[in-house]
Amino acid sequence: MKKAGNAAATAFGLVLITTFFAVNMTGAFFTDSEKLQNNFTVGCNRTVIEEEFPPPDPIDPNEPADVSKSASVKNQMAVTCYVRMAVVFESDGTGEGFSITGIDTEHWANGKDGYYYYLEPLESGAVTTPLFSGIHYSGEGAENGMGSVENVICYEESVQAEHQGIPFENYQEAWDFYDGKTEREVFSGET
């Protein structure tokens with residue numbers, strides 16, 4: 001009787017081992033895995049102002065004067081982008097009597113919102129044409145309390161020239177999208 005019990009235990013053990021291997025082999029048959037590492041970088045835009053500003057002679061606050069100065073924007077990254085620039089005059093006084101001259105209206109558009117918009121997308125490494133070529137002082141600063149320090153602040157911003165791989169048609173569409181004024185529809189099949 002003891003032999004029959006050992007034989008049953010051995011048979012049960014073999015069935016258990018066979019079942020274990022069968023389940024694992026079946027699981028291995030129905031599963032497969034492979035590891036693939038994708039390397040990518042997130043596109044970013046970085047633009048900087050480049051200017052030419054030879055040191056001017058001191059300005060007489062009672063006389064009109066013209067000063068040579070120009071400002072452009074350079075795209076330093078690999079992402080094509082649209083740029084805009086604002087020019088602000090700041091002083092200890094009112095800052096009145098100053099304006100930019102020689103504005104490039106062929107390549108820049110006055111957005112009537114304080115910014116000038118470069119009309120074409122700026123490729124990697126490219127530089128815009130100068131927005132302006134000089135600064136004019138009307139000679140009215142003394143009457144209006146012109147301060148002793150006058151700063152010309154050029155401020156620029158950039159946005160990517162495409163969204164989800166679809167290029168914007170022009171600078172207005174790009175800026176409206178990034179300023180939140182419009183939405184871009186994502187078509188089926190896009191991710």
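A salt bridge is taken here as a side-chain nitrogen of Lys or Arg within 4 Å of a carboxyl oxygen of Asp or Glu. The structure is a predicted model, in which local features need pLDDT of at least 70 and side-chain atom pairs count only at pLDDT 80 or more, whereas totals for chains, interfaces and linings use all residues. Residues are numbered from 1 along each chain as its sequence is written, and side-chain values use heavy atoms, with hydrogens and water left out.

The secondary structure of the chain consists of two helices and 11 strands, where helices (H or I, at least four residues) and strands (E, at least two) are DSSP runs numbered from the N terminus. Along the sequence the elements follow the order α-β-β-β-β-β-β-β-β-β-β-β-α. Of the 191 residues, 27% count as buried; buried denotes a relative accessible area under 20%, exposed over 50%, and partly exposed the range in between (1.4 Å probe, protein chains only). The chain exposes about 13,100 Å², of which carbon and sulfur atoms supply 54%; accessible areas come from the Shrake-Rupley method with a 1.4 Å probe, and for residues only the protein chains shown count as cover. Among contacts (heavy atoms within 4.5 Å) with a separation of 6 or more, residues 24 or more positions apart account for 72%.

Side chains of opposite charge can pair when their charged atoms come close. Three salt bridges are present in the structure. In one of them, Glu51 pairs with Lys69, with the closest N and O atoms 2.2 Å apart. Glu51 belongs to strand β1 (residues 47-52) and Lys69 to the loop between β2 (65-68) and β3 (70-75), so this pair ties together parts that are 18 residues apart in sequence. Glu51 is partly exposed, at a relative accessible area of 46%, whereas Lys69 is buried, at 3%.

Arg84 takes part in a salt bridge with Glu157, for which the closest N and O atoms lie 2.5 Å apart. This pair links distant parts of the chain, namely Glu157 in strand β9 (residues 150-160) and Arg84 in strand β4 (residues 81-91), which are 73 residues apart. Glu157 counts as buried at 19% relative accessibility, and Arg84 likewise counts as buried at 7%.

The side chain of Arg84 also meets that of Asp179 in a salt bridge, at 3.4 Å from N to O. Asp179 lies in the segment after α2 (171-178) and Arg84 in strand β4, so the pair ties together parts 95 residues apart in sequence. Asp179 is partly exposed, with a relative accessible area of 36%. Through shared partners, salt bridges join Arg84, Glu157 and Asp179 into one network.
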